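Q: Could you walk me through some features of this model, one at a time?
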Amino acid sequence: MFPEIEFDRMKRLPNYVFAEINDIKLKARQEGEDIIDFSMGNPDGDTPKFIVDKLIEVVQRPKVYGYSASKGIDKLRLAIADWYKRKYGVELDSNLEAVATIGSKAGYVNLIEAITNTGDIAIVPNPTYPIHSYAIILAGGSVCNVELPFNEQYEVDEDGFLKSLKRAIKECTPKAKYIVINFPHNPSCATVTPDFYKELVALAKKERFYIISDIAYADLTYDGYRTPSILEVEGAKDVAVETFTLSKSYNMAGWRVGFVVGNPRLVGALQKIKSWLDYGMFTPIQVAATVALNYGDDEVLKIRDKYEYRRDILVESFRNAGWEMEKPKATMFIWAKIPKIAQKLGSLEFSKRLLTEAKVAVSPGIGFGEFGENYVRIALIENENRIRQAARNIKKFLKELEN
Ligand SMILES: Cc1ncc(COP(=O)(O)O)c(C=O)c1O
């Protein structure tokens, strides 16, 4: 209506690559096609019953309908501190070093808004969960991309990665203010060892930058792998915060519950900006989330087991269909190289053809950044029968590509 009135901030957001795949998927579904959908990291399972029951109980109590506590009710922040103590042996001051957020994505975006000055630089490994970069760009900062190196077993080449980070810190002007890391990693499933965090914390102290660590997939680990927390490193709280979400571990993606803990200066900044922006999650959700963190460990194991089972079926059946891929040690994804025969298509075209010809939706790697181009991300959100059906469709599709 008023074309000359510009929204500059919107121009900083590119068209979402995934939107192209989504449009094709929706159109195919409208035409009655059955699309087997591995494209989003949206858990398909139900929230454990005891958590839902708690929500139902609390929602019927009086005095729970008003604005809640923006930084999270005391009991939830105490449960967050207990979770860290139990899981990682890390002590947190639940008032000064923990903040509950309306999902970890919004918590992350708010944190970036709070700490980024116009023109600041932040380092983000590439490929990346897109908001990890775009929150910085929206906030007026710039991103210095560093390629994330990892091997066939999805293990980060920690020495190589640290070298690249050191180089980026030397070369970026102005000097990077913070770095965003996320292990186990979305989309690449890459994992690190505790030693990596020791080195990174030492580097952050030497070079004076903050670290934001996202451990959304901390609980979804297999074959004996255990997700380390950066806060396990002595003195990490001087430079680091960590974010977590209940979306994946507890099948609570729609509930919007996450948290940020660690460095009191960053947590304080987030608490402050949130106190301006929101009134916190609905109190019954906060109470149910408290119960989830306090009593949910066994249910988390069951949720993890389901992903492990699907991972095994998917990798084996897709390999039998002619698509070579390895089993990751963590996350709810497979980060698979495009099959050799289709490599020249690139990740977007390959994903489109997989969708239209094999009726299988995946996320093209390029949507996660330039270093994702040779890959697609497959989310383990379909059941066994549908995984096997997808494998049959893919086998036929790859055969047809050969001819
Ligand atoms: C690495 C990572 N962090 C954060 C999130 C978002 O979690 P939440 O549902 O708490 O916003 C996701 C969701 O896919 C993710 O992959």
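A: Let's start with Cys189, which is found in the loop between E5 and H8. Those labels stand for DSSP runs numbered from the N terminus: helices are H or I with at least four residues, and strands are E with at least two. This is a predicted model, in which local features need pLDDT of at least 70, side-chain atom pairs count only at pLDDT 80 or more, and totals for chains, interfaces and linings use all residues. Residues are numbered from 1 along each chain as its sequence is written, and side-chain values use heavy atoms, with hydrogens and water left out.

Q: Is Cys189 buried or exposed?
A: The general idea is a set of cut-offs: buried means under 20% relative accessible area, exposed means over 50%, and partly exposed lies in between, using a 1.4 Å probe and protein chains only. Cys189 counts as buried because its relative accessibility is 0%. Its backbone also has a positive phi of about 65 degrees, although Cys189 is not a glycine.

Q: What is the phi of Lys63, and is Lys63 buried or exposed?
A: Lys63 has a positive phi of about 65 degrees and is not a glycine either. Lys63 is found in the loop between helix H3 (49-59) and H4, and counts as exposed because its relative accessibility is 83%.

Q: How many disulfides does a search of the whole structure find?
A: In general, a disulfide is a covalent bond between the sulfur atoms of two cysteines. The cut-off used here is a pair of cysteine sulfur atoms within 2.5 Å, and the search of the whole structure finds zero. Cys144 is in no disulfide, and its nearest cysteine sulfur, that of Cys172, is 3.0 Å away. Cys144 is buried, because its relative accessible area is 14%. Cys172 counts as buried too, because its relative accessibility is 11%.

Q: Which residues touch the most other members of the largest nonpolar core?
A: In soluble globular proteins, nonpolar side chains tend to be buried together. A nonpolar core is a set of buried Ala, Val, Leu, Ile, Met, Phe, Trp, Tyr and Cys residues joined through side-chain atoms within 4.5 Å. The largest one has 65 residues, and Tyr84, Leu200 and Ile211 touch the most other members. Helix H4 (residues 74-88) gives the most to this core, with seven residues. A second, separate core of 44 residues includes Leu220, Ala336, Val360 and Ala379.

Q: Which residues is Tyr84 in contact with, leaving aside its neighbours within four places in sequence?
A: Contact means heavy atoms within 4.5 Å. With those neighbours left aside, Tyr84 is in contact with residues including Ile215, Leu231, Phe259 and Val261.

Q: Where does Phe282 lie?
A: Phe282 lies in the loop between helix H10 (264-277) and helix H11 (283-295). It counts as partly exposed, because its relative accessibility is 34%. Leaving aside neighbours within four places in sequence, Phe282 is in contact with Val59, Val64 and Tyr65. The C-alpha atoms of Phe282 and Gly72 are separated by 9.8 Å, though these residues are 210 residues apart along the chain.
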